[in-house]
Amino acid sequence: MELGMIGLGRMGANMAERLGRGGHRVTGFDPDPDARNAAERSGIGTVASLDELVGRLAAPRILWMMVPSGRITEDTVNGLLTRLAAGDTIIDGGNSNYRHTLASASAAAAKGIHFVDCGTSGGVWGLAQGYSMMVGGDDETVERLRPIFETLAPGKDTGWGHVGPVGAGHFTKMVHNGIEYGLMQAYAEGFSIMKHKADFRLDLHQIAEIWRFGSVVRSWLLDLTADALGKNPGMDGIAPYVVDSGEGRWTVAEAIDLDVPAPIITAALIERLRSRDADSFSDKLLAAMRNEFGGHPIRKE
């Protein structure tokens with residue numbers, strides 16, 4: 001198959017490379033010339049504009065987007081809708097909010113353009129190991145694109161699936177990432193407890209390696225945790241500041257809308273927000289309250 005890849009950050013470039021290795025013809029575009037140059041060094045042909053990309057592909061065209069969620073995705077979709085023709089297909093492989101995806105798909109359908117949302121997991125390891133993909137779209141379009149998904153997945157019939165109509169792919173990936181927040185927080189808290197048990201002098205990397213095999217808490221996240229602890233046991237040079245890219249917030253909001261209790265995912269999200277408050281007013285106020293009602297001492301900065 002022939003397709004265009006929009007967004008040649010590390011993940012997009014890796015996906016383009018894996019598709020190329022699988023026999024697909026891929027042309028990449030990124031507004032950043034450094035990203036294009038890096039992709040070229042990996043054997044990916046690139047162009048310098050959306051116009052050139054659309055003009056390079058034979059109709060009916062397939063355009064896969066790997067760009068950040070939000071305004072950039074919306075601008076890219078709008079730009080494509082002015083350049084593509086009926087019968088062309090847009091695949092959004094990023095982490096878009098599923099509600100935005102539904103709006104984009106509706107705008108595309110009005111012009112006869114197919115729209116598929118593909119929640120994609122695998123990160124920087126996907127080039128070698130394949131990507132987990134949750135695909136939303138109509139049956140006929142997804143089936144036509146099957147060779148692309150089979151090439152990107154860990155196996156033809158493993159690690160990917162058509163989960164529902166358009167929007168379902170990004171909705172499923174949103175929940176996937178919410179679960180990821182909870183798993184990561186549980187690992188982080190457990191290892192922190194062990195680190196603080198100083199009298200046992202526990203080797204956290206050793207323990208992570210033990211748990212990787214046979215344990216009920218083994219997982220790929222634990223594999224990555226063991227790798228991180230092996231490289232930097234004390235987490236030296238790393239600020240205790242954890243970002244979130246939005247999916248955890250969306251998952252919590254959706255749980256509230258659906259009246260579904262999700263205390264673990266919610267607590268993990270709140271902990272990420274807390275990590276960014278280096279000068280916590282709320283904690284200072286708590287200390288002041290304790291001083292007011294009980295005369296408890298206040299630590300000075």
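## Close-up views of a predicted model

**Figure 1. Helix α1 and its surroundings.** The buried residues of α1 pack against the strands β1 (2-6), β2 (25-29), β4 (62-65) and β6 (114-121), and also against the helices α6 (126-129) and α8 (146-152). Please keep in mind that this is a predicted model, in which local features need pLDDT of at least 70 and side-chain atom pairs count only at pLDDT 80 or more, while totals for chains, interfaces and linings use all residues. Residues are numbered from 1 along each chain as its sequence is written, and side-chain values use heavy atoms, with hydrogens and water left out. Helices (H or I, at least four residues) and strands (E, at least two) are DSSP runs, numbered from the N terminus. The buried set in α1 consists of Gly12, Ala13, Asn14, Met15, Ala16, Glu17, Arg18 and Leu19; here buried means under 20% relative accessible area, exposed over 50%, and partly exposed in between (1.4 Å probe, protein chains only). Contact means heavy atoms within 4.5 Å. The length of α1 agrees with expectation, because twelve residues (10-21) at 1.5 Å a residue should span 16 Å, and the end C-alpha atoms are 16 Å apart. That expected span is 1.5 Å times one less than the number of residues. After α1 comes glycine 23, with a positive phi near 95°.

**Figure 2. The whole chain, for orientation.** The chain holds 14 helices and eight strands. Its C-alpha trace spans about 75 × 40 × 35 Å along the principal axes. Of its 301 residues, 41% count as buried. Among contacts with a separation of 6 or more, 65% come from residues 24 or more positions apart.

**Figure 3. Threonine 73 in helix α4.** Look for this residue within residues 71-81, the extent of α4. Threonine 73 counts as buried because its relative accessibility is 5%. A polar atom of the threonine 73 side chain lies 2.7 Å from the backbone oxygen of proline 68. Not counting residues up to four places away in sequence, threonine 73 touches Met65, Val67, Pro68, Asp92 and Ser96.

**Figure 4. Threonine 141 in helix α7.** Helix α7 covers residues 139-144 and includes threonine 141. At 2% relative accessibility, threonine 141 counts as buried. The side chains of threonine 141 and histidine 114 make a polar contact of 3.4 Å. A polar contact is a pair of N or O atoms within 3.5 Å; within protein, one must be able to donate a hydrogen and the other to accept it, and residues adjacent in sequence count only if both atoms are side-chain atoms. Residues up to four places away in sequence aside, threonine 141 touches Thr89, His114 and Val116.

**Figure 5. Glycine 130 in a loop.** The loop joins α6 and β7 (132-136). Glycine 130 has a relative accessible area of 10%, so this residue is buried. Leaving aside neighbours within four places in sequence, glycine 130 is in contact with Arg18, Trp125, Leu152, Ala153 and Pro154. Arg18 also belongs to the buried residues of α1. From glycine 130 to glutamate 150, 20 residues away in sequence, the C-alpha distance is 9.5 Å.

**Figure 6. Helices α10 and α11.** Helix α10 (residues 204-211) packs with α11 (residues 220-231) at an angle of about 155°, and their axes are 9 Å apart. Axes are lines fitted to C-alpha atoms, for helices over the stretch in contact, and angles run from 0 to 180 degrees between N-to-C directions. The two helices are therefore roughly antiparallel; angles under 35 degrees count as roughly parallel, over 145 as roughly antiparallel, 65 to 115 as roughly perpendicular and the rest as oblique. Leu204, His205, Ala208, Glu209 and Trp211 of α10 make the contact with Leu222, Ala226, Leu229 and Gly230 of α11.

Figure 7. On the α9 side the contact uses Phe171, Met174, Val175, Asn177, Gly178 and Tyr181, and on the α12 side Glu247, Gly248, Trp250, Thr251 and Glu254. Serine 245 sits in the loop between α11 and α12 (247-257). The side chains of serine 245 and glutamate 247 are joined by a polar contact of 2.6 Å. Serine 245 also touches Ser69 and Tyr181, when residues up to four places away in sequence are not counted.
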